[in-house]
Amino acid sequence: MRRFSVLSLGLLLALAPAAELLADEVTNQVDAARASYAKGDQLRALVALQGAVGQLSQRLTNQFAKLMPSAPRGWDSGNPEAQSLDGAGGGLGVTQAFSKGDATLNVSLVVDNPTVGASASMIQGASQTARPGWARLKLGADEALLRFDPAARSGEVMIVVGERVLLQVEANEITKDDVLLDMAKSWNTAAVRKFIDGGS
């Protein structure tokens, strides 16, 4: 599992006083890093920050995993996996795979990455003539894009929640787009929005 960058955590610490952080393992590691850095021991500071990054990454992975859709009936489910997107503009991605025979579904949640804004622009400006193969649709209160190729037996749905989150569903070896749509509809976008806005 790839993790958040130490730089990202360092920026967080610079903006948030230690007194405001919960007293837990992340805080302990951060405090150790501060103390080591103040003494000029940059290596120990780095190791402590890496420990805090690991703890924070695992915690967020567990929290985002609870927001992932459940497996459709008859499908097998893999474990959610998180990855840092430092090499692709920053942010965090969480993915989960589902399978049924040769058919596969992959759902992903991308937070605070440039692809979110790009996808939002694509959804707002989508039309059949401008983007052949894509169709814009409403899923509850959210705008989405659907692409399905029956010849290739594959498709994709994209949903942008607020300005920070991209939800995707990708499928292969399927014969109808209802598999994509049912999975896309199973995203609890209200819970995703609440979590991103600071709710629990």
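This report walks through a predicted model of one protein, from its overall layout to its strands, cores, turns and charged pairs.

## Before we start

Because the model is predicted, local features need pLDDT of at least 70 and side-chain atom pairs count only at pLDDT 80 or more, while totals for chains, interfaces and linings use all residues. Residues are numbered from 1 along each chain as its sequence is written, and side-chain values use heavy atoms, with hydrogens and water left out.

## The overall layout

The protein has 6 helices and 8 strands. Here, helices (H or I, at least four residues) and strands (E, at least two) are DSSP runs, numbered from the N terminus. Reading from that end, the order is α-α-α-β-β-β-β-α-β-β-β-β-α-α.

Of the 200 residues, 38% are buried. "Buried" means under 20% relative accessible area, "exposed" means over 50%, and "partly exposed" is in between (1.4 Å probe, protein chains only). Now for contacts, meaning heavy atoms within 4.5 Å: among those between residues at least 6 apart in sequence, 51% join residues at least 24 apart.

Strand β5 (residues 134–139) runs antiparallel to strand β6 (residues 142–149), and 6 bridges join them. Strands count as paired if DSSP finds at least two bridges between them. β5 and β6 make a hairpin with 2 residues between them, and glycine 140 in that turn has a positive phi of about 70°.

β6 also pairs with strand β7 (residues 154–161), again in the antiparallel sense and over 6 bridges. Leucine 146 is a handy landmark: it is the bridge partner of alanine 135, and it stands opposite valine 157 in β7.

Most residues other than glycine have a negative phi. Arginine 153 has a positive one, near 55°. It sits in the hairpin of β6 and β7, which has 4 residues between the strands, and at 32% relative accessible area arginine 153 is partly exposed.

Glutamate 173 is another case, with a positive phi of about 60° although it is not a glycine. You'll find glutamate 173 in the loop between β8 (165–172) and α5 (178–185). Its relative accessibility is 38%, so glutamate 173 counts as partly exposed.

## What's packed inside

A nonpolar core is a set of buried Ala, Val, Leu, Ile, Met, Phe, Trp, Tyr and Cys residues joined through side-chain atoms within 4.5 Å. The largest one here has 33 residues, and those with the most contacts inside it are Phe64, Leu109, Val157, Ile159, Val165, Val169 and Trp187. At least two residues each come from α3, β3 (92–100), β4, β6, β7, β8, α5 and α6 (189–196). β4 gives the most, with 5 residues. There's also a second, separate core of 9 residues, including Val116, Met122, Ile123 and Val160.

Tryptophan 187 is worth a look: leaving aside residues up to four places away in sequence, it touches Leu67, Met68, Pro69, Val107, Ser108, Leu109, Ile159, Leu167, Gln168 and Val169. Then there's valine 110, in strand β4 (residues 103–111). Valine 110 is buried, at 11% relative accessible area.

## Charged pairs

Side chains of opposite charge can pair when their charged atoms come close. A salt bridge is counted when a side-chain nitrogen of Lys or Arg is within 4 Å of a carboxyl oxygen of Asp or Glu, and the count comes to 5. One of them joins arginine 193 and aspartate 142 (3.0 Å, N to O). Arginine 193 lies in helix α6 and aspartate 142 in strand β6, so this pair ties together parts 51 residues apart in sequence. Arginine 193 is partly exposed at 33% relative accessible area, whereas aspartate 142 is buried at 6%.

Another salt bridge links arginine 147 and glutamate 156 (3.6 Å, N to O). Arginine 147 is partly exposed at 26% relative accessibility, while glutamate 156 is buried at 10%. Arginine 44 and aspartate 41 also meet in a salt bridge (3.7 Å, N to O); arginine 44 is exposed at 57%, and aspartate 41 is partly exposed at 29%.
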